[in-house]
Amino acid sequence: MVYDGIVLGLIVGLIRGGFRYGLGQFGKLRIIGGLWFPVLLLIQFALFALTERLPAIASASGFFFIAVYVAGLYILWLNRKNQGFPLIFAGVFLNFLVMAVNGGKMPVSLEAASVLDPYYVDMLRSGTVATKHYLMDSASRLAFLGDIIPLSSPYPRTQVISIGDIVMNVGIFLYIQQIMVQGKKTSPAQEITARQ
C-alpha cells in the first residue's frame, strides 16, 4: 500500500509543481537514514522467500518482521520534524502495534479478503500462507487495526488494507507535496491577481 501514496503524491506533485520544477524538487529529497528503507524492504522480501524454504525462519518470521518495523519506526522518528512524517510514523506504528500483539503477523479479515485471488484466500483459510499475514479469528487482538478494508475496481489495485496503511499514505502524500511544490514561484499573472 505504501506505493499508492508515493505514486499519487508524485502525480499530484508534478501537476501542482510543474514537471521540471517538481522533478527538480523531488531530486532534492533528503531523509535522515533514508538509505535504510530499501534495505529494510529487501530484508522483508528475503524473509518472504526464506519462510517458504526454511522452517526455522518461518517459525521466527514474526520476530524478524517486528525487528524490521522497529528499525523503520526509529528512522521515521528521526525525521519527525518533516511535514507528513508524524502521520507516516503513526500509520506504521498502528500496523506495528497490531502485529506485535498478534505474534508478529497481520490479521486479515476473511470478508475483506474476498476481493483477492481465491488462491490466496484458500491459503489464508488453510494457514499455509507463510508471510506476515494470517486469517483473522476470534482470538485476534486489536482486530480493527488489521487488514479489514477491501479495495477493488474501480481502484487500480485489488488489495486489503488497514487503518494504519491509510494514515501512513496520507502522510507520504503530504510529504511529497511539500517537497515538490514548496518554494514554487507564482507566475506574473498570478502575482498581479494576488495584489488586486
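A residue is called buried here when its relative accessible area is under 20%, exposed when that area is over 50%, and partly exposed in between, as found with a 1.4 Å probe on protein chains only. By this criterion methionine 106 is buried, with a relative accessible area of 4%, and buried residues make up 36% of the 196 residues in the protein. The structure is a predicted model, in which local features need pLDDT of at least 70 and side-chain atom pairs count only at pLDDT 80 or more, while totals for chains, interfaces and linings use all residues. Residues are numbered from 1 along each chain as its sequence is written, and side-chain values use heavy atoms, with hydrogens and water left out.

The protein contains nine helices and four strands, where helices (H or I, at least four residues) and strands (E, at least two) are DSSP runs numbered from the N terminus. Read from the N terminus on, these elements follow the order α-α-α-α-α-β-α-α-β-β-β-α-α. Along the principal axes, the C-alpha atoms fill a box of roughly 65 × 35 × 25 Å. Contact means heavy atoms within 4.5 Å, and among contacts between residues at least 6 apart in sequence, 71% join residues at least 24 apart.

Angles under 35 degrees count as roughly parallel, over 145 as roughly antiparallel, 65 to 115 as roughly perpendicular and the rest as oblique. A crossing is left-handed if the near helix is turned anticlockwise from the far one by less than a right angle, and right-handed if clockwise.

Helix H1 (residues 2-17) and H2 pack at an angle of about 125°, with their axes 6 Å apart, which makes H1 oblique to H2. This crossing of H1 and H2 is right-handed, and the contact joins Leu10, Leu14 and Gly17 of H1 to Phe19, Tyr21, Gly22, Leu23 and Phe26 of H2. The residues of that contact comprise six nonpolar, two polar and no charged, where Ala, Val, Leu, Ile, Met, Phe, Trp, Tyr, Cys and Pro count as nonpolar, Asp, Glu, Lys and Arg as charged, and the others, Gly among them, as polar.

Helix H2 (residues 19-26) also packs against H8, at an angle of about 115° and with the axes 7 Å apart, so that H2 is roughly perpendicular to H8. Here too the crossing is right-handed; Tyr21, Gly22, Leu23, Gln25 and Phe26 of H2 meet Ile179, Met180 and Val181 of H8.

The axes of helix H5 (residues 85-100) and helix H8 (residues 163-181) come within 7 Å and cross at roughly 160°, and the two helices are therefore roughly antiparallel to each other. The crossing of H5 and H8 is left-handed. Residues of H5 in this contact include Phe85, Ile88, Val92 and Asn95, and those of H8 include Ile163, Asp165, Val170 and Tyr175. The residues of this contact divide into 13 nonpolar, four polar and one charged.

A nonpolar core is a set of buried Ala, Val, Leu, Ile, Met, Phe, Trp, Tyr and Cys residues joined through side-chain atoms within 4.5 Å. The largest such core has 21 residues, and those with the most contacts inside it are Ile88, Val92 and Met99. Helix H4 (55-78), H5 and H8 each supply at least two residues of this core. Apart from it lies another core, of eight residues, among them Val108, Leu116, Val121 and Leu135.

Methionine 106 lies in strand E1 (residues 106-108). When residues up to four places away in sequence are not counted, methionine 106 touches residues including Asn95, Met99, Lys132, Tyr134, Leu145 and Ser162. The C-alpha atoms of methionine 106 and glycine 62, which are 44 residues apart along the chain, are separated by 9.5 Å.

Two features of the backbone complete the description. Most residues other than glycine have a negative phi, and most peptide bonds are trans. The peptide bond from serine 153 to proline 154, however, is cis, with omega near 15°, and proline 154 sits in the loop between strand E3 (149-151) and strand E4 (159-161). Leucine 142, in the loop between strand E2 (133-135) and E3, has a positive phi, near 50°, and is partly exposed, with a relative accessible area of 34%.

Conventions
Axes are lines fitted to C-alpha atoms, for helices over the stretch in contact, and angles run from 0 to 180 degrees between N-to-C directions.
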